[in-house]
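Me: I'm new to this one. Can you walk me through it?
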Amino acid sequence: MGAGAATRAWPICVKEEVRQALAAGKPVVALESTIISHGMPWPANLQTGLEVEEIVREHGCTPATIAIMEGMPCVGLTQEQLEVLAKAGTSVRKCSRRDIALAMAQKAHGATTVAATMVLAHLAGIQVFATGGTGGVHRDVADTMDISADITELARTPVTVVSAGVKSILDVPRTLEALETAGVPVMTLGSDEFPAFFSPASGTRAPARVESAEEVAAAIHASNALGLTNGMLVAVPNLAPGGEEIEAAVQTALREAHEQGITGREVTPFLLSRIHALTGNASLRSNVALVKNNARERRRGPGPTAWRQQ
Ligand code: PSU
Ligand code: MN
């Protein structure tokens, strides 16, 4: 073991702006970085990352995009750091919970998934996190046992994730079953249906419905009051156009991945880039729109106080 690893100033670096907001009890919203490196192509990824931060700011909150930079877990990135991740794209390591420690030890850059972003957000004291889609149960789970660590993380880490549902390539009913088993509260904002990422309609009923961010905040407070350690999943229906056509492309891409023997963590980046290509980037436009929408929706209804760190 080299001396460098032992003397490194771990564990996490919290950006000054984020640190001050947290210390003052002001609302902070965590954002993930895998969506930047693996979820979207350059330069739409950088632009979206910056615009989502701006939306969070416009609503009186402080954004904290989370990633691992040269082995240092960072809560809150500079524009230069965001640019490094956006340019490097899929060559950056995709880090879920299990990858965090090794990326630190190897001084690697790491883009954090929902699971890893939750881990680091919680360490920094952030309770709310906005993203595009979370991981879940894959449609070919019977063959692959591919179930995202995002589900396990939602079961064990008290961070509320606001998304457009689960990734379009997943099995929605099975994912909701797995979340139920894991003890994760799941609710849709303003709809009885759980959304299908690109479209508001999945054909599956949401386990619960809420009408406002205030109601979500009240549930977070209740959970905190009991000392429950699980997170929550809030689904915001994506109303951007073209949902059904994009879903057809999802089916095609899934078939291609199967034919080409693509498995494990390579599946998501492969499918997303194929879906973007097959839909002439309509899926990308929809994806950008829904991420921004989720960053915005987390505060519909209440004033900033409703989201203060408790
Ligand atoms: N949804 C997208 N694009 C993405 C992801 C989700 O539209 O890139 C990422 C998120 O970071 C999510 C991760 O946490 O994929 C889940 O990956 P896996 O299934 O390998 O756990
Ligand atoms: Mn997986």
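Me: Let's start with a pair of helices. Which hand does the crossing of H4 and H5 have, left or right?

Reply: H4 passes H5 in a right-handed crossing. A crossing is left-handed if the near helix is turned anticlockwise from the far one by less than a right angle, and right-handed if clockwise. One caution: this is a predicted model, where local features need pLDDT of at least 70, side-chain atom pairs count only at pLDDT 80 or more, and totals for chains, interfaces and linings use all residues. Residues are numbered from 1 along each chain as its sequence is written, while chains are lettered from A and ligands numbered from 1 in the order in which they are written.

Me: At what angle do H4 and H5 pack, and how far apart are their axes?

Reply: Helix H4 (residues 44-58) and helix H5 (residues 79-88) pack at about 145 degrees, and their axes are 9 Å apart. Axes here are lines fitted to C-alpha atoms, for helices over the stretch in contact, and angles run from 0 to 180 degrees between N-to-C directions. Helices (H or I, at least four residues) and strands (E, at least two) are DSSP runs, numbered from the N terminus.

Me: Which residues of H4 and H5 meet?

Reply: From H4, Asn45, Leu46, Gly49 and Leu50; from H5, Gln79, Leu82, Glu83 and Ala86. Contact means that the C-beta atoms, placed from the backbone, lie within 7 Å. By class, this contact has 4 nonpolar, 3 polar and 1 charged residues. Ala, Val, Leu, Ile, Met, Phe, Trp, Tyr, Cys and Pro count as nonpolar, Asp, Glu, Lys and Arg as charged, and the others, Gly among them, as polar.

Me: New topic. Which residues come nearest to ligand 1?

Reply: Thr34, Gly39, Val114, Gly135 and Ser148, out of 20 residues around ligand 1. To be near, a residue needs its C-beta atom, placed from the backbone, within 6 Å.

Me: Which elements give two or more residues to that shell?

Reply: Helix H3 (34-37), helix H9 (149-156) and helix H13 (267-278) do. The shell around ligand 1 divides into 4 nonpolar, 12 polar and 4 charged residues.

Me: You mentioned H13. Is Val267 buried or exposed?

Reply: Val267, in helix H13, is buried, because 20 other C-beta atoms lie within 10 Å. The cut-offs: buried at 20 or more other C-beta atoms within 10 Å, exposed at 12 or fewer, and partly exposed in between, with C-beta atoms placed from the backbone. Leaving aside neighbours within four places in sequence, Val267 is in contact with Ala257 and Ile262.

Me: How many residues does the largest nonpolar core have?

Reply: It has 88, and Val29, Ala121 and Phe129 have the most contacts inside it. A nonpolar core is a set of buried Ala, Val, Leu, Ile, Met, Phe, Trp, Tyr and Cys residues joined through C-beta atoms within 7 Å. Helix H7 (residues 114-124) gives the largest share, 8 residues.

Me: What is Phe129 in contact with?

Reply: Beyond four places in sequence, its contacts include Val29, Ala30, Met118, Ala121 and Val161.

Me: Now the backbone. Is the peptide bond from Trp42 to Pro43 cis or trans?

Reply: Cis, with omega near 0 degrees. Pro43 lies in the loop between H3 and H4.

Me: What about Glu70: what is its phi?

Reply: Positive, about 45 degrees, although Glu70 is not a glycine. Glu70 sits in the loop between strand E3 (62-69) and strand E4 (72-75). Glu70 counts as partly exposed because it has 14 C-beta neighbours inside 10 Å.

How values were computed
Two residues are in contact if their C-beta atoms, placed from the backbone, lie within 7 Å.
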